[in-house]
Amino acid sequence: MRQHRSASFTTPGHAGSISLWFTVAAFMAGLALPHLIAPTEARAQTAADSTAVLHWTAPGDDGTVGRATSYALRYRNAAITGTDTLGWWNVATQATGLPVPGVSGSTDSVRVRGLTPLTTYYFVVRTADEVPNWSGFSNVAVVTTSGDAIAPAAIADLSVTGSTGNSLSIRWTSPGDDNNTGTATSYDIRYSTSAITASNWASATTVTGEPTPLVAGTVQTYTIAGLQQSQTYYVAIRAADERNNVAGLSNVVNGSTLDTIPPAPVRDLSYGDLGSWTTEQIASADFEETNYRDAR
């Protein structure tokens, strides 16, 4: 009965940086060869997952007899040029976490994580015994990852719907995950006292507590608080999906907070001899007295 053994590894420098995975099954055989063999392409099956799973048949310690000691698996996103497999191998990335070879004829596999979406990778494996005597190069497993490269649509109907002395209320229609389809992941709302453009977006003030995007086509609202009174503000918004594909800048709107601060009350009202008053003060007092009598 053929045995199956597996292991997993994360590509160096990419751990945790890619959250969209792709499942790839690639079959690699004829690994323990006593001489150099020019690699040939192996078929690869891709699906919507983040993992690349490579399978191959374990060779032996001596040819196909016994049990080998270790594997070396390397990969690049560049194909082998002509027959220069060794040159390709010397600059390829070394995978880690490979399984210990099984007995000759068993199936070994490795789960590759951390691949970049929308990228073609080339994998080659070699086997060593305890000396170590290294096998020739395997055939090439070619894996092309797919991925989400479509950003949410740019919001085009952002509007200011109300204001107070220290806040502005805004409204917009939610885009989707892919253009106007699905549901985006997050919003980035920013404001400034000067007009916002794509070039100065980074310097605008970022709000906190934005709502979670709803399914495309849903009207959503938010209130920007903590603003200064009687001030005009410019506001814009961008959406992003789970792959951090960011939408273009929305339409830019502006609104003004209200002036809700009345004049301070007079605190030095007094009476005295009109001789010390100016002509303007006396005229003003006479006018106000007349209005007072008329009002009665």
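1. E242 is partly exposed, at a relative accessible area of 37% (partly exposed lies between buried, under 20%, and exposed, over 50%; 1.4 Å probe, protein chains only). R243 is partly exposed as well, at 25%. The side chains of E242 and R243 form a salt bridge with an N to O distance of 3.9 Å (a Lys or Arg side-chain nitrogen within 4 Å of an Asp or Glu carboxyl oxygen).

2. This is a predicted model, in which local features need pLDDT of at least 70 and side-chain atom pairs pLDDT 80 or more, while totals for chains, interfaces and linings use all residues. Residues are numbered from 1 along each chain as its sequence is written, and side-chain values use heavy atoms, without hydrogens and water.

3. Mean pLDDT (the predictor's confidence per residue, 0 to 100) is 81 for the protein, with 74% of residues at 70 or more. Over residues 6–49 pLDDT stays under 50, and the model has 134 contacts for them beyond four places in sequence (contact: heavy atoms within 4.5 Å).

4. The salt-bridge count is two. D188 and R190 form one, with closest N and O atoms 3.0 Å apart; R190 is buried, at 14%.

5. Strand β12, residues 168–173, has L168, I170 and W172 on its covered face and S169, R171 and T173 on the uncovered one (strands are DSSP E runs of at least two residues, numbered from the N terminus).

6. β12 pairs antiparallel with β11, residues 159–163, over four bridges (pairing needs at least two DSSP bridges). Four residues separate β11 and β12 in a hairpin, and G162 stands opposite S169. β12 also pairs antiparallel with β15, residues 219–224, over six bridges; there T173 has V219 as its bridge partner.
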